[in-house]
Structures are given as structure tokens and as C-alpha cells.
Amino acid sequence: MAKQGPCKGCSESIEVTPEKIEAMLQMLIDSRNVELADEETSERRLAQCMSCTGYIYGGTCKYCGCLVQIRTKIKDRECPYPLSPKW
């Protein structure tokens, strides 16, 4: 399998502020009626993501391209790690 590089639109200089994260979560809640995980669950998930080799650019999952600060807060999401999901 050929080694894949980062997304063409991603770079280490991209930073999503906590305010933008909250705004995106609110948009998901309002438009798609998503439920958020409890704080303990989302913090545990985020810690697992941050220790994963798939955590790149300070907040992106290399396996699905999501912002992990958002994915880990959504109740019905799962870890996209290909061999054995971490949460």
C-alpha cells in the first residue's frame, strides 16, 4: 500500500479556536439534531485521540479527516481507526 500524505487542504498552520469548535457543534445540534456525549466521555475520547498516531496537525484525524475536538463530543460517533477502534 502506498504511503498517503496529508490532505492537500491541511497544514500545520491551521488552528481552529475553541469558539469555532463551539459554533460548529451548535450548528450540528441545530441543523442535524445531534446529541452530545457527556463531558467525561468526550474528554476520555479526546485523550485517546491525542495519543493516537492518527492525530495530526494538532486536531485532525488522518483516518477520516475530521476535527477530533468535534467528533469526540458527538454521542453516536465512533473512532475511525482502521484496525481496531480506540473508543
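Okay, a definition before anything else: two residues are in contact when heavy atoms of theirs lie within 4.5 Å. Keep in mind that this is a predicted model, where local features need pLDDT of at least 70, side-chain atom pairs count only at pLDDT 80 or more, and totals for chains, interfaces and linings use all residues. Residues are numbered from 1 along each chain as its sequence is written, and side-chain values use heavy atoms, with hydrogens and water left out.

So, the layout. Along the sequence the pattern is α-α-β-β-α, with helices (H or I, at least four residues) and strands (E, at least two) taken as DSSP runs and numbered from the N terminus.

Beyond its neighbours within four places in sequence, Arg 45 is in contact with Ala 37, Arg 71, Thr 72, Ile 74, Lys 75, Arg 77 and Trp 87.

Is Arg 45 buried or exposed? It's buried, and buried means under 20% relative accessible area, exposed over 50%, partly exposed in between, using a 1.4 Å probe and protein chains only. Yet Arg 45 has no salt bridge. That term needs a side-chain nitrogen of Lys or Arg within 4 Å of a carboxyl oxygen of Asp or Glu.

Asp 76 does form a salt bridge with Arg 77, at 3.7 Å between the closest N and O atoms. Asp 76 is exposed at 59%, while Arg 77 is partly exposed at 32%.

Methods:
Lys and Arg count as positive and Asp and Glu as negative; His and the chain ends are not counted.
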